[in-house]
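Here are some friendly exercises to work through with the model open beside you. Try each task before you read its solution.

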Amino acid sequence: MTLFLTDADVRAAFDWADAIAALRGAYAAPPDETRFPSRSMARGDGLWLRTLSGVPGDGGPMGAKLIAASLRNRRASYLIPLFDQETVELTALLDGHSITGFRTAATSALAADLLAPAGPLRVAVIGSGFEAQNHVRALAAIRDLSSVTVFSPNPASRTRFTQELADLPLPTATAQSPEAAVAGADLVICAARSRDEQPTLREAPAGATVVSIGSTLPEQRELATEVISRAEVIVADMVHEVTEDTGDLIAARKAGVDFAAKTVSLADVVSGRVTGRQAHDPDAVVIYKSVGSAAQDLAVAAMCVRRAAELSLGTRLPVTISPVSK
């Protein structure tokens with residue numbers, strides 16, 4: 001019978017360390033672009049439906065994430081079905097809302113662990129919402145953080161951010177501008193939608209690792225062209241989609257920035273086929289840019305299903321979606 005996990009079930013089953021470990025294993029698998037095709041997007045009048053699908057090479061559940069969104073109502077719904085690779089039975093259905101935020105932050109933490117300097121990290125966060133908080137929690141699960149400084153246009157949001165993270169044993173502070181927040185930072189997390197789609201990060205500190213998750217569509221901007229131009233390496237979770245479909249890279253290309261030769265895949269960095277940060281230049285800026293992928297969704301969803309079964313979470317649906325012979 002199919003296991004259904006509500007968003008509350010997903011939150012109860014989720015674990016940062018297990019999620020990052022699952023993602024590390026997923027990205028270390030041999031590359032095969034046919035297993036994780038580019039996302040598809042159906043658009044209507046103020047509506048869109050995005051589909052991310054994949055068949056993991058490690059034998060884990062295959063499946064997809066469906067995102068239905070209304071721009072008019074500013075609402076979205078997320079659904080993840082998982083299928084057994086041997087029997088092709090539908091084994092699980094998950095509310096994908098929290099998984100989306102969890103997998104994004106966990107993948108960023110995996111990338112940052114590989115790209116950021118060794119030792120405790122001084123972290124700057126631009127943004128104060130769900131994604132921004134998740135990124136700090138994910139990082140704290142695998143790295144020592146010496147400080148976290150947040151900027152958000154709303155002072156109350158900045159204060160709320162520090163209060164929400166009060167359970168973590170690390171010093172947090174607020175800044176009144178992005179420039180003040182990132183000054184001296186080892187790691188900069190950009191996790192906020194910009195107003196009027198203007199870049200929220202215009203300059204990166206020397207030697208910083210920049211995590212960018214907020215520009216996933218052509219009309220969205222997060223990193224200034226100067227940041228893209230300065231970067232020694234751009235690590236992308238989905239290289240083609242990052243370079244062709246994000247507003248940051250589209251704007252950089254129009255400005256004459258040639259970034260093709262310095263853009264590499266996260267899978268190549270995780271597997272060791274490519275070195276993400278060169279040791280010879282401690283002042284080099286390295287960018288990790290993410291649009292999200294089914295590999296991330298499926299790895300984290302499968303981890304949540306395993307833990308839910310161990311913890312007796314979720315609901316067994318009184319129906320079965322049975323495969324048919326072809």
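Predicted model: local features only at pLDDT ≥ 70, side-chain atom pairs only at ≥ 80, totals over all residues.

**Exercise 1. Explore the largest pocket**

Task: find which helices and strands each supply at least two residues of the lining of the largest pocket.

Solution, step by step:
- Start with the space itself: the volume of the largest pocket is about 1,300 Å³.
- Next, look towards the centre, where Trp48, Tyr78, Glu131, Arg193 and Gln220 are the closest of the 35 lining residues.
- Now go through the elements: at least two lining residues each come from the strands β3 (47-54), β4 (62-70) and β5 (75-83), and from the helices α3 and α4 (130-142).
- The most is given by α3, with five residues.
- Finally, sort the lining by class: 13 residues are nonpolar, 12 are polar and 10 are charged.

**Exercise 2. Turn to the second largest pocket**

Task: work out which element gives the largest share of the lining of the second largest pocket.

Solution, step by step:
- The second largest pocket holds about 760 Å³ of space.
- Its lining has 32 residues, and those closest to the centre are Tyr27, Asp32, Phe36, Ala267 and Ala295.

**Exercise 3. Follow the aromatic rings**

Task: decide whether the ring pair of phenylalanine 14 and phenylalanine 102 is stacked or edge-to-face.

Solution, step by step:
- A pair of aromatic rings is described by the distance of the centres and the angle of the planes.
- The whole structure contains three aromatic pairs.
- For phenylalanine 14 and phenylalanine 102, the centres are 3.9 Å apart and the planes meet at 10 degrees. Planes under 30 degrees apart count as stacked, so this pair is stacked.
- Now place the partners: phenylalanine 14 sits in the loop between α1 (7-13) and α2 (16-28), while phenylalanine 102 belongs to helix α3 (residues 97-115), 88 residues apart.
- Compare a second pair: the ring centres of tryptophan 16 and phenylalanine 102 are 5.4 Å apart with planes at 85 degrees, so this pair is edge-to-face.
- Because tryptophan 16 lies in helix α2 and phenylalanine 102 in helix α3, this pair ties together parts 86 residues apart in sequence.
- Put together, ring pairs link Phe14, Trp16 and Phe102 into a cluster.

**Exercise 4. Buried or exposed?**

Task: is arginine 158 buried or exposed?

Solution, step by step:
- Locate arginine 158 in helix α5 (residues 155-164).
- Apply the cut-off: buried means under 20% relative accessible area. Arginine 158 has 9%, so arginine 158 is buried.
- List its contacts beyond the neighbours within four places in sequence: Val150, Phe151, Ser152, Pro153, Thr174, Ala175 and Gln176.

How values were computed: Residues numbered from 1 in each chain as written. Heavy atoms only, no water. Helix = DSSP H or I, 4+ residues; strand = E, 2+ residues; numbered from the N terminus. Buried < 20%, exposed > 50% of the residue type's maximum accessible area, 1.4 Å probe, protein only. Contact = heavy atoms within 4.5 Å. Phe/Tyr/Trp six-rings, centres within 6.5 Å; stacked < 30°, edge-to-face > 60°. 1 Å grid on protein atoms, 1.4 Å probe; cavity = no way out; pocket = protein on both sides within 12 Å on 5 of 7 lines; lining within 4 Å. Points joined across faces, edges and corners; volume = space filled by probe spheres on them. Nonpolar A, V, L, I, M, F, W, Y, C, P; charged D, E, K, R; others polar.
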